[in-house]
Structure formats: C-alpha cells, structure tokens
Amino acid sequence: MLRLVLILSGLGFLAFGLMALFDPIGLLTSFGLAVQDVAPMRTELRAFYGGLEIALAAVLLGHLGPPQRERAGVLIALVLYLGLGLGRSFGMIVDGEVTQVHRVAVAIEFGLAALAAAALFATRARP
C-alpha cells in the first residue's frame, strides 16, 4: 500500500508539473482563470507549478525502496496533500468562488491524504 501511494502521488505530481511546464496558460484556463498571456507570468508558472511539482514527484518516487524509506515518503505525501487540501479549502471559503475543478481537486487532495494516512496506519510498527 505504501508503494501504491508513492507511485500514484509521484506520477500525479509529475503529470501536473509537466502540464504546467509545457502549457502553463492552458493549465490555469482549465481552472477557469482568465490570464493575460505574458512571458514573465508564464515563466513563473513554469518554475513554480512545473519545476516544483516535478521536484516533488522526484522526492516521492525517490522514496521507493525498503518499507522504512517508503513510510517516510508517504508521510511527505500526506503532509503535501493536507497542505494543498487545506489551502484550497481556505481559498474556497474566503474567496467564495468555487468551480467544479476546485471541488474535484480538493476531493482528490483529501482523498489521497486519507489514503496516505491509511497506508501509514496499516504499516505501523506493532509492539
């Protein structure tokens, strides 16, 4: 189960990062954001949403291996998904703007956080 969480998480971050790297404007448009297509903004989106997401994928996939290492990677995934889900939920509440994409994204983030927590619980050390 640990391995499944790491693979799903790593590939998810990788896919999102590659989309942001190669089509940052298209990615934002899919969230219903009207953006001005200017080079400095595209560069920032590529760096932060592309490069950072790809780096997170590398960290998570790099934790594949012995169970103790995989547990550490799944803990990282849990913290990442909770941060994303809580941040998105806060934004949805404070801003009052909720799209279908936001609903799906927050459900995926909290769903993967729950899966990571379940994997950690299932593989905990027993006395």
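**Salt bridges and core**

Reader: Glu109 first: buried or exposed?

Author: Glu109 counts as buried, at 7% relative accessibility, where buried means under 20% relative accessible area, exposed means over 50%, and partly exposed lies in between, using a 1.4 Å probe and protein chains only. This is a predicted model, in which local features need pLDDT of at least 70 and side-chain atom pairs count only at pLDDT 80 or more, while totals for chains, interfaces and linings use all residues. Residues are numbered from 1 along each chain as its sequence is written, and side-chain values use heavy atoms, leaving out hydrogens and water.

Reader: Ok, and which side chain does Glu109 meet in a salt bridge?

Author: The partner of Glu109 is Arg88, at 2.5 Å from N to O; a salt bridge here is a side-chain nitrogen of Lys or Arg within 4 Å of a carboxyl oxygen of Asp or Glu. Arg88 lies in helix H4 and Glu109 in helix H5 (residues 100–122), so the pair ties together parts that are 21 residues apart in sequence. Helices are DSSP runs of H or I with at least four residues, strands are runs of E with at least two, and both are numbered from the N terminus.

Reader: What about Arg88, how accessible?

Author: Arg88 is partly exposed, with a relative accessible area of 21%.

Reader: How many salt bridges does the whole structure have?

Author: The search finds 2 salt bridges. Besides the pair of Arg88 and Glu109, the side chains of Arg3 and Glu70 meet at 2.7 Å, N to O. That pair links distant parts of the chain, 67 residues apart, with Arg3 in helix H1 (residues 2–22) and Glu70 in helix H4 (residues 67–95). Arg3 is partly exposed at 41% relative accessible area, whereas Glu70 is buried at 6%.

Reader: What else is Glu70 in contact with?

Author: Leaving aside neighbours within four places in sequence, Glu70 is in contact with Leu2, Arg3, Leu6, His63, Leu64 and Gly65, contact meaning heavy atoms within 4.5 Å.

Reader: Switching topic: which residues touch the most other members in the largest nonpolar core?

Author: They are Phe13, Val74 and Tyr81, out of 16 residues in that core, a nonpolar core being a set of buried Ala, Val, Leu, Ile, Met, Phe, Trp, Tyr and Cys residues joined through side-chain atoms within 4.5 Å. H1, helix H3 (39–61), H4 and H5 each supply at least two residues of the core, and the largest share, 5 residues, comes from H5.
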